[in-house]
Amino acid sequence: MTTNYPSPGSIAALRANLNQLLNDLPEHPNGDLIMQMLSSFMNIAGEDLERLDFKILHGALTDMEQAFLALHPYRHTRKIAIFGSARLAPHTAEYQMARDFAHMIAAQGYMVITGAGPGIMQAGNEGAGTEQSVGLNILLPFEQGSNPFIAGDPKLVNFKYFFTRKLFFLK
């Protein structure tokens, strides 16, 4: 059962979406968990928390929403994470070994997950090829963007927070 609830543009739209979600819960295969999440959110919303706390919660949920949606089609494909330095150039032996390793792993049916940056991460995405690559990038000021082998790909997820990014490396 897949139901897309549009983003609310108003209180009326939010109320309609929530009512539809509540009506769908008894039939939803994960209705019990959704109900627990809604209860947790209601508990948090009722507290006198700082605005920053709500901004952190929103950022983390947005990170997770984007990652769940981007990676869901590949949930049954085995994956290997390649971690490494962003500072290695393509002419180095380490870069070439990582690229070759990723190519061999992809040929065995695995997907390669990297941090989507330069260096060893770029080598992993290059070796695996676009179809077998996943990039979990972190948005940092004055730091890395995504490497050219994953940039613009729907399997590239840009995270705001390190902790949500690490969660998806493990998932």
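Helix α4 passes helix α5 in a right-handed crossing. The axes of α4 (residues 93–107) and α5 (residues 120–128) come within 7 Å and cross at roughly 35°. This is a predicted model, and its protein chain holds six helices and four strands.

**The α4/α5 contact**
- On the α4 side, the contact is made by E94, Y95, A98, R99, A102, H103 and A106.
- On the α5 side, I120, Q122, A123, G124, E126, G127 and A128 take part.

**Overall layout**
- In sequence order, the elements of the protein chain follow the pattern α-α-α-β-α-β-α-β-β-α.
- The C-alpha trace spans about 55 × 35 × 25 Å along its principal axes.
- The protein chain has 171 residues, of which 32% count as buried.
- Of the contacts between residues at least 6 apart in sequence, 54% join residues at least 24 apart.

**Largest nonpolar core**
- The largest nonpolar core has 12 residues in all: A67, A70, L71, M111, I113, V134, L136, I138, V157, F159, F168 and F169.
- At least two residues of this core come from each of α3, β2 (111–114), β3 (133–138), β4 (156–159) and α6.
- Leaving aside residues up to four places away in sequence, L71 touches V134, L136 and F168.

**Aromatic pairs**
- Four aromatic pairs are found in a search of the whole structure.
- One of them joins F68 and F168 in an edge-to-face arrangement, with 5.0 Å from centre to centre and 70° between the planes.
- This pair links distant parts of the chain, since F68 lies in helix α3 (residues 51–71) and F168 in helix α6 (residues 162–170), 100 residues apart.
- F68 is partly exposed because its relative accessible area is 42%, whereas F168 has a relative accessible area of 3% and is therefore buried.
- F168 also pairs with F159, and this pair is tilted, at 5.9 Å centre to centre and 35° between the planes.
- F68, F159 and F168 together form one aromatic cluster.

**A charge over a ring**
- R78 places its charged end over the ring of Y110, at 4.1 Å from the ring centre.

**Y161**
- Y161 lies in the loop between β4 and α6.
- With a relative accessible area of 18%, Y161 falls under the 20% limit and so counts as buried.
- Not counting residues up to four places away in sequence, Y161 touches K55, I56, G59, A60, D63 and I138.
- N137 is 24 residues from Y161 along the chain, and their C-alpha atoms are separated by 9.9 Å.

**D24**
- D24 is found in helix α1 (residues 11–24).
- D24 is buried because its relative accessible area is 12%, under the 20% limit.
- From D24 to L88 the separation is 64 residues in sequence and 51 Å in space, C-alpha to C-alpha.

How values were computed
Residues numbered from 1 in each chain as written. Predicted model: local features only at pLDDT ≥ 70, side-chain atom pairs only at ≥ 80, totals over all residues. Heavy atoms only, no water. Phe/Tyr/Trp six-rings, centres within 6.5 Å; stacked < 30°, edge-to-face > 60°. Buried < 20%, exposed > 50% of the residue type's maximum accessible area, 1.4 Å probe, protein only. Lys NZ or Arg CZ within 6 Å of the ring centre and 35° of its normal. Core = buried A, V, L, I, M, F, W, Y, C linked by side-chain atoms within 4.5 Å. Contact = heavy atoms within 4.5 Å. Axes fitted to C-alpha atoms, helices over the stretch in contact; angles between N-to-C directions. Left-handed = near helix turned anticlockwise from the far one by under 90°.
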